[in-house]
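Please view the sequence and the model alongside the text.

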Amino acid sequence: MKIVNAAAMTELDQRTIQELGLPSLVLMERAALGILAAIQRHFSLCLSAVHILVGTGNNGGDGLVLARLLHNQGHVVQVWWQGALARRSSEFQMQFAINQKLGIAMRAVDSATLPQSLDQASLIVDALFGIGLSREISGDWATIIAAANRAKAAIVAIDIPSGLQADTGQTLGVAIEAALTVSCALPKWAHFLDSALDQVGHLEIVDIGIPPAYYQDHPEQLLTPELVRSYLPPVRVSQSHKGSYGRLAIVAGSLGMSGAAALAAQAALETGVGLVHLFVPASIQSTLSTLLPEVQVQPLPETDGALNQDAWPVLQAQLEKMDRILLGPGLGRSEATAHFCDLLLSDLDLPLLIDADALFHLANSPRVFQQSVILTPHPGEMATLLGLSGADIQTDRVAAVRQAAGRYQALTVLKGARSLIATPGQQLWFNSSGNPGMARGGMGDLLAGLIAGLWAQGLEPDQATVLGVYWHGLAGNQVAQQFSTQAVSIRRLLTQLPAAWLQLTEQNS
């Protein structure tokens with residue numbers, strides 16, 4: 001599914017109206033019908049007193065049409081409008097006049113009485129601001145939003161919760177906290193950006209008549225089960241052997257952080273990769289060899305439990321047999337390991353996934369890659385890679401992931417509540433799977449192992465990354481459904497990976 005920013009959505013609206021000839025009033029009607037259907041699915045028992053807050057734009061017009069539809073079904077509706085009526089669009093004024101003729105209760109906002117009135121609402125609909133909002137909200141508008149948020153009734157937001165910036169998900173002063181957001185035509189970037197998730201609530205998309213041909217070439221996509229299934233590897237043939245499914249080298253671990261190396265290797269094994277070779281400091285080789293009987297655990301020279309520069313020629317001699325390399329989980333940040341990483345990154349020409357501590361070493365010795373490379377930073381690591389603060393990264397996650405992909409010429413995953421994936425060519429994917437229970441140490445090691453294991457089997461880097469990111473989140477969701485969000489442990493998620501994979505493959509057959 002495509003996902004758009006504010007400018008792209010505005011262009012699609014205008015093209016549909018001007019080129020296709022579909023009137024904006026028809027788009028309003030279709031939007032309101034879809035919103036009504038979503039409300040009836042989720043809040044059918046909460047329609048005794050619906051209060052609709054309308055602003056000055058077409059978002060407010062959608063709210064007026066919705067008020068009429070609810071009124072015609074016999075529900076009690078109260079519309080609150082804010083702003084000068086004379087300055088509104090002709091479509092808004094037409095809908096306003098129709099509602100007046102029907103006798104629908106409509107009042108200008110009175111900040112003194114609005115909070116008490118909203119306390120009597122069974123449901124509140126936010127139709128104040130649409131996706132074009134760019135200024136900080138203050139004054140009466142801020143008072144209205146604050147009153148709605150304090151009310152007991154659930155809030156349904158039309159298109160986007162008022163107060164959110166549509167391209168970054170940042171709150172412009174104050175924002176509606178919706179239980180349900182109904183987006184018109186397509187999802188918007190903010191719906192899947194970390195900072196906006198608690199405001200968006202549950203998201204539904206409604207068709208308003210914009211032709212798919214108008215947006216099929218847009219470079220941004222939302223990861224849906226249908227899209228992810230198109231990236232599944234081919235079915236295994238009968239005449240195959242372990243070498244048919246890739247050889248993955250994982251260079252990871254240090255004294256005290258052997259668990260990260262183990263998790264990455266275990267996740268890689270779950271992908272079905274043919275062979276996993278784990279290269280670690282000699283002092284932890286015995287422990288990991290016992291823990292991972294399916295993995296060939298090989299020792300490398302070290303200094304105080306961390307790989308040193310002498311490890312590189314030993315490793316280099318082994319890499320000729322490998323298809324892909326994963327570098328970083330639990331590697332440590334010692335000076336000795338920095339020298340090792342600098343040698344590896346300078347001399348290696350094999351496809352490489354760089355994760356965790358290896359990203360720290362990359363940031364200290366940056367380079368533009370010539371071979372195929374995948375980077376998997378969390379916001380703190382991304383900040384180091386770009387020379388910014390963590391707050392800068394989270395303020396505009398899309399800009400950050402695209403900047404890193406371009407600077408390093410590497411496919412880049414910006415991990416988070418909703419991970420983003422960008423290519424150097426500016427293709428962009430927004431993940432839709434995952435839950436807060438996955439916010440714990442070790443999840444990134446699992447993800448790196450999944451992506452690397454899939455990649456080693458011959459998938460393209462973007463296919464392996466998209467599939468790994470979504471599969472990882474899907475397994476987490478299944479654990480949360482079976483137990484609870486709090487119970488999404490590393491061990492449970494690892495155990496759940498086969499079932500999550502089965503869900504993807506069964507529905508693809």
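What volume does the largest pocket have? The largest pocket has a volume of about 1100 Å³. The structure is a predicted model, in which local features need pLDDT of at least 70 and side-chain atom pairs count only at pLDDT 80 or more, while totals for chains, interfaces and linings use all residues. Residues are numbered from 1 along each chain as its sequence is written, and side-chain values use heavy atoms, with hydrogens and water left out.

**Pockets**

- A pocket is defined on a 1 Å grid over the protein atoms alone, as an open set of points where a 1.4 Å probe fits, with protein on both sides within 12 Å along at least five of seven lines; lining residues have an atom within 4 Å of a point.
- A volume is the space filled by probe spheres set on the points, which are joined across faces, edges and corners.
- The largest pocket is lined by 42 residues, and those nearest its centre are G416, A417, R418, G434 and N435.
- Two or more residues of the lining of the largest pocket come from each of α7 (197–200), β7, α17 and α18 (461–482); helices (H or I, at least four residues) and strands (E, at least two) are DSSP runs numbered from the N terminus.
- By residue class, the lining of the largest pocket comprises 16 nonpolar, 15 polar and 11 charged residues; Ala, Val, Leu, Ile, Met, Phe, Trp, Tyr, Cys and Pro count as nonpolar, Asp, Glu, Lys and Arg as charged, and the others, Gly among them, as polar.
- The second largest pocket has a volume of about 750 Å³, and of its 30 lining residues G57, N58, N59, G130 and I131 are the closest to its centre.
- Helices α1 (6–20), α2 and α3 each give two or more residues to the lining of the second largest pocket, with α1 giving the most, 5 residues.

**Sheet and packed helices**

- Seven strands form an open sheet in the order β3-β2-β1-β4-β5-β6-β7, with parallel pairing; two strands pair if DSSP finds at least two bridges between them.
- Strands β3 (105–108) and β7 (202–206) are the edges, each pairing on one side only.
- From one strand to the next the twist averages 20°; axes are lines fitted to C-alpha atoms, for helices over the stretch in contact, and angles run from 0 to 180 degrees between N-to-C directions.
- Strands β4 (residues 123–127) and β5 (residues 154–158) pair in the parallel sense over 4 bridges, and the bridge partner of D126 is A157 in β5.
- Helix α2 (residues 24–43) packs on the sheet and touches β4, β5, β6 (180–184) and β7, its direction making about 145° with that of β7; contact means heavy atoms within 4.5 Å.

**Individual residues**

- G449 is found in helix α17 (residues 443–456) and counts as buried because its relative accessibility is 0%; buried means under 20% relative accessible area, exposed over 50% and partly exposed in between, with a 1.4 Å probe and protein chains only.
- Leaving aside neighbours within four places in sequence, G449 is in contact with A264, A267, A268, T271 and L326.
- Most residues other than glycine have a negative phi.
- A356 has a positive phi of about 55° although it is not a glycine, and lies in the loop between β15 (352–355) and α13 (357–364).
- Q409, also not a glycine, has a positive phi near 50° and lies in the loop between α16 (397–408) and β17 (411–414).
- A356 counts as buried at 14% relative accessibility, whereas Q409 counts as partly exposed at 38%.
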